[in-house]
Structure formats: structure tokens, C-alpha cells
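Here is a short briefing to read alongside the sequence and the 3D view. Take a moment to find your bearings, and then let's walk through the main features together.

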Amino acid sequence: LTITGLFVFAKWAGAFLGGMFALFLFTAVMIARDKMKGLTSAQALSTVLKLEIGAAGLHCFTFWRLLPGFPAGDWFFYSRILACIILACFAAYLSYSAVLTVRDYNAEA
């Protein structure tokens, strides 16, 4: 979603930035798997949270493009905005929670 959203806004430069975002998430998961990297893992998780909050805003625009058009009217317009916000926050929450789950799982082992 992040790569698609950034590509829409900035074409190939956005896709490159989205790829960097994905690589950071991958690196954060790799750090979270090492239970000897407690402070580094916590810092990576904090950065993932900040990135996901920013990505949630971008996801809103991505979902706006992907959702089918609603009928004309204010109620339908605001319903579409609300649906985009809910879906975007859920996608960001899932991504953050995945890294948090890996970190917590390895901290307990």
C-alpha cells in the first residue's frame, strides 16, 4: 500500500521511497528477532510506529482511489472518507502490530 500510494504521488521516486520504507520494516523485524538487542529493538519499534502513523495518512489516499464511487450526496461522501480512514488505520495497525508481535515473541523466548 505504501509503495502504491507513493508511486501515485511521486511516480518512480515515490516507489523508491516506498521500497526504502519496506526495507526499514524488514530490518526492524530482523532486529526485533534478536533478543540481545533490547534498546535497539525498542528504538526500531518506535521508528516503525512513527512511520506507520505517516503511512496511515498516505493509505487514506490509496483507499480513496481503490474504493468504488459512492452515490452523490454529503452522507455518502463522508461515509467514504470514514471508510478510508478506518481501512488506513487498520492497515497501519496491522503492520505495526506485526513488528511488535515478533519483538514480544522473541523477548519471551
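Let's begin with the inside of helix H2, where Ser41, Ala44, Leu45, Val48, Glu52, Ala55, Ala56, Leu58, His59, Thr62 and Phe63 are buried. Please keep in mind that this is a predicted model.

**Helix H2**
- H2 runs over residues 38–66, which makes 29 residues.
- From first C-alpha to last, H2 reaches 39 Å, close to the 42 Å expected at 1.5 Å a residue.
- At Gly57, H2 bends by about 25 degrees.

**The nonpolar core**
- The largest nonpolar core has 9 residues: Phe21, Leu25, Ala28, Ala44, Leu45, Val48, Ala55, Tyr96 and Val99.
- Two or more of these residues come from each of H1, H2 and helix H3 (74–108).
- H2 is the biggest contributor to this core, giving 4 residues.
- As background, nonpolar side chains tend to be buried together in soluble globular proteins.

- Phe16, Leu17 and Met20 make a nonpolar surface patch of about 330 Å².
- Met20 sits in helix H1, which covers residues 2–32.
- Met20 counts as partly exposed because its relative accessibility is 43%, between the 20% and 50% cut-offs.

**Ala92 in helix H3**
- Ala92 belongs to helix H3.
- With a relative accessibility of 7%, Ala92 counts as buried, since the cut-off for buried is under 20%.
- Ala92 and Lys11 lie 81 residues apart in sequence, and their C-alpha atoms are 22 Å apart in space.

Key:
Residues numbered from 1 in each chain as written. Predicted model: local features only at pLDDT ≥ 70, side-chain atom pairs only at ≥ 80, totals over all residues. Heavy atoms only, no water. Expected span 1.5 Å × (residues − 1). Bend = angle between axes of the 7 residues up to and from the residue. Buried < 20%, exposed > 50% of the residue type's maximum accessible area, 1.4 Å probe, protein only. Patch = residues over 30% accessible without salt bridge, like charges linked within 9 Å, V, L, I, M, F, W, Y side chains within 5 Å. Areas by Shrake-Rupley, 256 points an atom, 1.4 Å probe, with all protein chains shown as cover. Salt bridge = Lys/Arg side-chain N within 4 Å of Asp/Glu carboxyl O. Core = buried A, V, L, I, M, F, W, Y, C linked by side-chain atoms within 4.5 Å.
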